[in-house]
Amino acid sequence: MFRALPVPLAIAGAAAFFYLVFAAAHAAGAVHGSPLFLTLVIVVLGVSAHESVQRRVGGGRLDNRPAARMGWAYGLIAIVVTTAGWSFLLPASGILVAAIHIQWSGARTWRTALAVLAPLVLAVQATVQLGFAPSILPPGYSHTAAGLIMIITVIGLGNLGVTAADREAAATALRRAEARFRTLVHGSSDLVSITDADGVLRYVSPAAIRLTGWEPAELVGRRCTDLMHPEDVDRARTALTELLEAGPGTDHRIDLRFRRPDGGYRWYEAYLRNLLDDPAVAGIVINQRDITDRRRHHDELAHAASHDALTGLPNRAQLLGRLASALRDIVPGRGVAVHFLDLNGFKQINDTLGHAAGDELLIAAAHRLKEVLRPHDLLGRLGGDEFVVVLGDVTDPAAIDAVRRRLVAALREPFRIADGTVSVGASIGTALTDDPTTDAAVLLELADAEMYRVKRAGRDEQRVSPTAA
């Protein structure tokens with residue numbers, strides 16, 4: 001109540017209250033001594049107990065000189081209870097004063113309190129015994145009461161000290177754990193973040209600036225999806241939904257692209273763990289690491305495994321896979337066609353001008369073929385001078401012939417290479433089907449067979465397989 005008032009007014013109010021109490025008790029014979037004197041000592045005790053005064057006594061610290069500070073407090077209390085005739089109550093003040101100073105100076109202060117209080121209690125009881133101090137109880141009763149209260153105080157001080165020591169040990173362990181956590185999180189190569197159930201970031205570790213380019217403060221309060229690549233947002237939302245539905249303690253792994261401050265995107269591997277039921281976390285913990293280089297290497301390996309190293313075109317395995325997919329997607333009234341193409345005269349150029357010239361010719365031929373194809377047509381190289389074109393979703397046989405004519409025309413034009421100008425032609429065999437159960441390899445073999453019939457019949461001709469038609 002008094003803390004809400006100005007200090008002088010609070011002191012005056014407390015003084016008036018204690019004076020009235022002491023005056024009434026003195027009139028009833030329950031208190032000896034002058035009520036005014038007792039009130040003044042109480043006021044001095046209250047003022048000296050203020051934290052600012054205690055810091056000055058402790059040389060600017062509350063944990064310094066506890067014996068002197070508690071000696072002053074116990075001394076003033078001893079003056080009050082002895083003057084009032086209640087000296088046997090002095091031991092009861094032990095726990096009250098010690099509790100405050102243990103909070104300031106630590107658990108071991110209870111021993112200091114006992115070391116200061118015990119001699120003072122004996123001294124006060126000695127003054128009562130010798131008749132130097134008044135007492136509302138006979139000396140024998142006063143000694144007995146003081147002794148019993150002192151025993152209770154000793155037990156209470158001991159328990160208070162043990163409780164404080166346990167609390168300090170727990171606080172120390174917590175500080176060490178927090179320090180380890182900060183060291184591990186701050187030094188971790190992974191980014192650690194915590195979101196709520198809606199995906200809003202509530203905590204982001206300092207690794208964010210190094211891994212993402214964002215300051216942690218710039219990320220807290222934002223939704224994770226705000227920084228994701230648009231193509232990854234739906235997958236991320238699905239992963240979060242599944243994690244929430246699976247319940248606490250479950251986890252999920254997902255690869256995502258996040259935007260950097262410069263507008264670019266990098267790949268991250270994210271591990272999500274549902275700790276919404278953990279009071280210490282109450283969120284979704286995300287550990288993520290940058291896997292851009294690993295992802296790029298993986299993509300390069302995947303591309304190398306499915307594409308021709310010289311021309312960059314899909315290789316046989318990739319072609320067969322894409323062709324099989326196109327065949328499965330056939331619907332009534334539509335079909336799939338395959339052009340199998342072989343360069344005429346390539347072997348002679350390769351033998352006379354060398355493999356480097358042959359490779360240069362193949363690269364140039366691949367480039368020309370791609371230029372005359374439609375965006376949805378697929379061009380691949382099987383090896384040597386053999387190329388394959390897959391036409392999906394075919395509705396008009398005339399379109400097949402049109403593509404075939406463009407391919408032949410493109411290759412008839414001379415090629416300029418480092419060793420001069422060379423000319424080649426093309427033999428093309430075509431196979432087509434409207435049956436979705438057709439095997440991709442079989443359709444490719446039919447086109448290959450037609451191409452060899454063309455070669456035998458004469459170069460720069462084209463044939464369509466009647467078997468696949």
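Student: How much space lies in the largest cavity?

Tutor: This is a predicted model, and in it about 140 Å³ of space lies in the largest cavity.

Student: Which residues are closest to the centre of that largest cavity?

Tutor: Of the 14 residues that line the largest cavity, Leu 191, Leu 219, Leu 227, Phe 258 and Gln 288 are the closest to its centre.

Student: And which elements give two or more residues to that lining?

Tutor: Three strands do: S1 (191-195), S2 (201-204) and S3 (251-259).

Student: How do the residues of that lining divide into nonpolar, polar and charged?

Tutor: Nine residues of the lining of the largest cavity are nonpolar, three are polar and two are charged.

Student: How many cavities of 30 Å³ or more does the structure hold?

Tutor: It holds two. The second largest cavity has a volume of about 30 Å³.

Student: What lines the second largest cavity?

Tutor: The residues are Leu 319, Leu 320, Leu 323, Val 388, Val 390 and Leu 444. That lining divides into six nonpolar residues, with no polar and no charged ones.

Student: Which element has the largest share of it?

Tutor: Helix H12 does, with three residues of the lining. Helix H12 (316-328) and strand S8 (386-394) each supply at least two.

Student: Staying by H12, where is Asp 308?

Tutor: Asp 308 sits in the loop between helix H11 (292-306) and H12.

Student: Buried or exposed?

Tutor: Asp 308 has a relative accessibility of 14%, so it counts as buried; the cut-off for buried is under 20%.

Student: What does its side chain contact?

Tutor: The side chain of Asp 308 makes a polar contact of 2.9 Å with the side chain of Arg 381.

Student: Which residues of H6 are buried?

Tutor: They are Thr 109, Trp 110, Ala 113, Leu 117, Val 121, Val 124, Gln 125 and Val 128. Looking down the axis of H6, these buried residues fall within an arc of 100 degrees, so they line one face of the helix.

Student: What does the face turned away from the buried side carry?

Tutor: That face of H6 carries the exposed residues Arg 111, Ala 115, Leu 122 and Leu 130. Just after H6 comes Gly 131, with a positive phi of about 85 degrees.

Student: Which residues other than glycine have a positive phi?

Tutor: Arg 65 is one of them, with phi near 55 degrees. Ala 282 is also one, with a positive phi of about 50 degrees. Most residues other than glycine have a negative phi.

Student: Where are Arg 65 and Ala 282?

Tutor: Arg 65 is in the loop between helix H3 (51-57) and helix H4 (66-84). Ala 282 is in the loop between S4 and strand S5 (283-290). Arg 65 is partly exposed, at a relative accessible area of 45%, and Ala 282 is partly exposed too, at 35%.

Student: Since S4 came up, how buried is Asn 274?

Tutor: Asn 274, which lies in strand S4 (residues 265-275), is buried with a relative accessible area of 2%. The side chain of Asn 274 reaches the backbone oxygen of Gly 247 at 3.2 Å.

Student: Last helix: how far apart are the end C-alpha atoms of H15?

Tutor: They are 23 Å apart, which agrees with the 22 Å that the 16 residues of H15 (residues 397-412) should span at 1.5 Å a residue.

Student: Which of its residues are buried?

Tutor: In H15, the residues Ile 400, Val 403, Arg 404, Leu 407, Val 408, Ala 410 and Leu 411 are buried. Seen down the axis of H15, they fall within an arc of 165 degrees, so they line one face of the helix.

Student: What caps the N-terminal end of H15?

Tutor: Asp 396 does, with a side-chain oxygen 3.0 Å from the backbone nitrogen of Ala 398.

Terms used: Residues numbered from 1 in each chain as written. Predicted model: local features only at pLDDT ≥ 70, side-chain atom pairs only at ≥ 80, totals over all residues. Heavy atoms only, no water. Helix = DSSP H or I, 4+ residues; strand = E, 2+ residues; numbered from the N terminus. Expected span 1.5 Å × (residues − 1). Buried < 20%, exposed > 50% of the residue type's maximum accessible area, 1.4 Å probe, protein only. Arc of directions from axis to C-beta. Polar contact = N/O pair within 3.5 Å; in protein donor to acceptor, adjacent residues only side chain to side chain. 1 Å grid on protein atoms, 1.4 Å probe; cavity = no way out; pocket = protein on both sides within 12 Å on 5 of 7 lines; lining within 4 Å. Points joined across faces, edges and corners; volume = space filled by probe spheres on them. Nonpolar A, V, L, I, M, F, W, Y, C, P; charged D, E, K, R; others polar.
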